[in-house]
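Work through the exercises below with the sequence and coordinates at hand. Each task is followed by a stepwise solution.

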Amino acid sequence: MYVSMGVLLDKANRENYGVMAINCFNLESAFATIHAAEEMNSPIIIDLLMEHLKKHLGLKVVLPAVIGLAREAKVQVAINLDHGKSEDYVKEAINAGFSSVMIDASEKSFEENVKETQKMIRFAKRKEVSVEAEVGGMGAVANENFTNTDMYTNPEEAIEFIKATDVTALAISFGSSHGIMPKGYIPKFDFEIVKKIKKATSKPLVLHGGSGCGADNIRKAVECGINKVNVGSDVMKAQLDALYKQIQENRNKDFVEMVEGTIEPAKEMVKYYINIVGSRNKDILSQTV
Ligand SMILES: [Zn+2]
């Protein structure tokens, strides 16, 4: 069932668990993610990153197919535009049928971030589309540009931002980075940031760059008030490893079988994270059956 992200996150917020948002960029990853959620009776969010959509196949090809999968699903599925960085693109995404968008103006000034988010919320409201925004900055593991404490979200700013915009959910920075963590490296989280913002606003909060953060960090982040956990790199790595293994075993393996062979490993990774955030058996469709 295709639903709004706000509905999923409001329930998660009331019941203090997290919903996984998996970065998918093609049908196989969306298929694997939705099937993993079905096997766990869990709600799920498909995050389609603007950068991926621009680089590969395009919104007009990918979105209708993923909406089709969501409509067919036995669990609730929301589809969110991840890191929408241009106003025109976000509007196009809303018009094309996304049930949620992230407007990411976090690199701009606080005032501009508030203004752009308010504008997008007004536009999104007409179509009952949820809006995620971000305050603070997130580094990327690539080039060792990890998130440092200067990039962390200032809780006072986040609280002011939420009051000014009434955004559906807010992404905050408190220790995670985008990308694959180096082996053995587990980032340190500043949970006080999450607690302070949650206490003052009671809004759904979002952790970006969940890959490689460690189960304990994610569990505690959810306890403190995170309701959406974004993971992309770990699922893609599972798929890439599956391809590599198959090529090593048989360089001439049928390509269809090889791509099909990425689905189970992706599903396993999604299920691993669903268990951590506590959304197993939280889907309302499966509860009424
Ligand atoms: Zn992100």
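**Exercise 1.** List the contacts of Ile-172, leaving aside neighbours within four places in sequence.

Solution. Two residues are in contact if their C-beta atoms, placed from the backbone, lie within 7 Å. By that criterion, Ile-172 contacts Val-135, Gly-136, Thr-153, Ala-158, Ile-193, Val-194, Ile-197 and Leu-205.

The model is predicted: local features need pLDDT of at least 70, side-chain atom pairs count only at pLDDT 80 or more, and totals for chains, interfaces and linings use all residues. Residues are numbered from 1 along each chain as its sequence is written.

**Exercise 2.** Which residues touch the most other members of the largest nonpolar core?

Solution. A nonpolar core is a set of buried Ala, Val, Leu, Ile, Met, Phe, Trp, Tyr and Cys residues joined through C-beta atoms within 7 Å. Buried means 20 or more other C-beta atoms within 10 Å, exposed 12 or fewer, and partly exposed in between. Among the core's 81 residues, the answer is Met-20, Ile-46, Val-77, Val-101, Leu-170, Ile-172 and Val-270. Helix 12 (residues 263-277) supplies the largest share of this core, seven residues; helices are DSSP runs (H or I, at least four residues) and strands likewise (E, at least two), numbered from the N terminus.

**Exercise 3.** Where are Leu-57 and Asp-166 placed, and is each exposed or partly exposed?

Solution. Start with Leu-57, in the loop between helix 3 (50-55) and helix 4 (59-72). Its phi is near 70 degrees, a positive value in a residue other than glycine. Leu-57 has 15 C-beta neighbours inside 10 Å, so it counts as partly exposed.

Next, Asp-166 lies in the loop between helix 7 and strand 6 (169-172), with phi near 50 degrees, also positive. Asp-166 is exposed because 12 other C-beta atoms lie within 10 Å.
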